[in-house]
Amino acid sequence: MEHKDDTTRPPDADDRLEAGAPRRRYRLATPLSLAIALGCIAAVAGLWLVTLQRVAFEREQAVASAMQSNANLAIAFEQQVVRTLKAAEQVAAFVREQYQQQGTDINLRDWVARGVIREPMFTIISVVNEQGDIVSSSQETGAVNYSDRAFFQALRRSERDELFVSEPVLGRVSGQWRISMALRIVREGGRFGGVVVMSVDPTNFTDFYRQADLGAQGLLELTGLDGVVRGRKSGGKVSFGADARSLPWFQRQAAASEDDLIDAHGAVDGVPRILSYRSMAGHPLMVTVGSASSEVLEPVMQRRAGYLALAAGASVALLCFGALLIVVLARQRAVADALASSEGLFRATFHQAATGIAHITPEGRILRANDKFCRMLGYSLQELRQRDLFALSDEGEREAVRRFLAQRLVAHSPVLSPEMEKAYRRKDGGLLWVYEALGLVKDAQGRPDFLVVVTQDISAHKELEMRLSHDALHDALTGLPNRVMFNDRFARVLESARRYGRRAAVLYVDLDGFKSVNDQWGHAAGDQLLQQVARRLEDCVRAEDTVARLGGDEFGIVLAAIDQVEDCEVVADKVLSAMVQPFVLDSAVAQVSASVGAGLYPRHGSDADALLAQADAAMYAAKQAGKNRFSTDTAPSPLAE
């Protein structure tokens with residue numbers, strides 16, 4: 001028993017201590033104990049650092065992925081708006097041409113009733129004279145004057161022949177909010193002759209929201225560079241006419257025509273979003289696509305909670321383990337256990353990682369790879385060790401991979417270097433698209449020892465990107481090029497024809513009797529017939545020609561080069577013969593025919609719009625002359641009776 005001081009100790013206490021066995025005193029504050037304690041603290045700090053870095057990395061990846069997805073959707077949205085504006089410009093140009101030929105006798109209501117004008121998006125189409133009075137309209141308007149409207153004043157001042165898209169205004173005929181699209185009419189001598197104006201519902205521009213996966217709080221916006229919103233859909237709420245000049249992305253577009261940004265303060269409705277915007281080439285408009293930050297980061301935050309809980313548990317376990325080492329283990333045992341623990345942590349992290357990881361030599365030979373990397377490529381570890389990074393890459397990517405590896409070996413950058421997008425060729429021959437980062441590990445002398453390759457599978461994103469690109473340029477029902485690709489191909493053919501002095505032609509094909517197929521057997525049968533028509537039209541032309549669906553039962557054919565006018569008639573004859581053959585459908589056998597009109601370069605004009613309008617007019621002439629025939633002018637030339 002130990003006493004408080006010497007005055008209370010029995011006289012023989014010292015003798016007993018000297019005579020008995022020596023007392024062992026355990027000192028916790030030894031150099032070994034301090035080393036173990038500091039090691040535990042450092043390990044916990046490292047664990048938390050790695051955990052927080054992982055959380056930050058996943059957050060950055062989620063934001064980057066959302067930005068990439070939004071950028072792709074912005075491209076698709078822009079293309080849809082361009083198609084709408086192009087359709088409006090074509091209709092306006094056609095109406096203007098007819099007005100210049102017929103004057104005030106033009107009857108737009110009759111045209112709409114007969115299907116000459118078939119664009120359902122335009123609620124009202126009107127011709128306005130130079131005083132601003134409506135002289136013809138697709139609806140009953142009464143006495144209406146537009147001389148004070150912005151589109152009328154702007155086109156009266158301007159001499160440019162381009163479509164004017166106004167901000168949303170309250171329609172004087174419809175009594176509803178509409179966006180006006182107008183095209184200038186020019187009289188002889190270049191003087192102002194009025195405008196062709198069309199009204200469009202602003203919600204027409206935000207219908208793309210239903211096609212894009214933007215989440216419950218997504219944002220889709222079409223804004224003029226004048227700062228007025230033409231159409232906006234945020235979190236399912238549609239609005240228009242707002243002032244966009246204070247919005248961060250509108251202010252940024254003056255310096256950068258397209259970019260990505262994070263709107264942390266929720267400038268529109270208080271919802272923070274990740275945004276991508278693009279200024280539209282050829283039009284004073286910009287499109288913006290955004291995803292709510294909370295929705296994008298929700299999976300990351302869920303995993304973050306798991307990571308933090310795991311780090312906390314590991315920290316407690318590590319501290320308890322360190323305390324046990326301080327009490328019961330010697331220096332050598334502590335060092336051995338620490339090394340074993342470190343090795344186990346490395347193996348667990350390396351092999352159980354959610355991304356593919358491999359170690360390669362500076363020459364590209366693979367030293368080791370985790371299970372995820374092996375599964376991604378379909379090779380075993382032994383097979384991978386017999387190959388290098390370049391042999392595994394797709395043939396078209398190998399030079400880019402060599403340059404990227406060389407840059408990582410000489411660049412003064414952190415271990416976690418920027419990523420590159422590349423393609424691997426899997427063992428089964430399939431293509432694997434990844435984002436890949438190369439980190440350089442140096443030896444004690446500072447020389448390159450090996451590189452760490454970290455790969456993330458992005459094949460699904462690439463597939464979505466390619467699908468969106470294809471859908472933007474092709475008709476969903478027939479698989480043929482749509483009007484956007486048709487116009488592009490036609491413009492290229494005309495440019496080539498002008499450059500090399502060749503002839504070219506465009507055919508406008510409209511089916512006769514298609515409506516009766518829909519009425520008798522239903523739209524499913526009509527869709528089947530349109531698909532078969534598309535295949536027959538493709539069989540009628542050469543590989544370098546273009547067949548496109550322009551809408552409904554109307555098709556266009558661009559003949560890339562013809563030696564003489566008769567070549568165009570030969571193709572038209574093939575089309576007429578192919579269309580009169582019976583169509584075997586699931587529910588019936590249908591019989592239709594076609595009316596074909598042609599626009600010949602340079603005979604009928606030199607620009608695409610004029611030639612297409614000529615072909616359209618010639619097609620209607622053929623239809624009025626009895627159908628199932630071909631015409632190059634207003635008077636039909638019967639090829640098939």
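User: How many aromatic pairs does the rule give?

Analyst: This is a predicted model, where local features need pLDDT of at least 70, side-chain atom pairs count only at pLDDT 80 or more, and totals for chains, interfaces and linings use all residues. Residues are numbered from 1 along each chain as its sequence is written, and side-chain values use heavy atoms, with hydrogens and water left out. Rings of Phe, Tyr and Trp (its six-membered ring) pair if their centres lie within 6.5 Å. By this rule the count is five.

User: Is the pair of Y146 and F151 stacked or edge-to-face?

Analyst: Planes under 30 degrees apart count as stacked, over 60 as edge-to-face and the rest as tilted. The ring centres of Y146 and F151 are 5.7 Å apart. Their planes stand at 65 degrees, so the pair is edge-to-face.

User: Is F151 buried or exposed?

Analyst: Buried means under 20% relative accessible area, exposed over 50%, and partly exposed in between (1.4 Å probe, protein chains only). F151 has 3% relative accessibility, so F151 is buried.

User: How many residues apart in sequence are the parts tied together by F373 and Y424?

Analyst: F373 and Y424 form an edge-to-face pair, at 6.2 Å centre to centre and 85 degrees between the planes. Helices (H or I, at least four residues) and strands (E, at least two) are DSSP runs, numbered from the N terminus. F373 lies in helix α8 and Y424 in strand β15, so the pair ties together parts that are 51 residues apart in sequence.

User: Why does the end-to-end distance of helix α6 agree with its length?

Analyst: The expected span is 1.5 Å times one less than the number of residues. Helix α6 (residues 293–328) has 36 residues, so the span should be 52 Å. Its end C-alpha atoms are 51 Å apart, which agrees.

User: Where does α6 bend by about 40 degrees?

Analyst: The bend at a residue is the angle between axes fitted to the seven residues ending there and the seven starting there. For α6, the bend of about 40 degrees is at P299.

User: Which are the edge strands of the open sheet of five strands?

Analyst: Two strands pair if DSSP finds at least two bridges between them. The sheet order is β19-β20-β18-β23-β24, with mixed pairing. Each edge strand pairs on one side only; they are β19 (546–551) and β24 (630–631).

User: Which residue in β23 is the bridge partner of A504?

Analyst: Strands β18 (residues 503–512) and β23 (residues 593–601) run antiparallel, joined by nine bridges. In β23, the partner of A504 is Y601.
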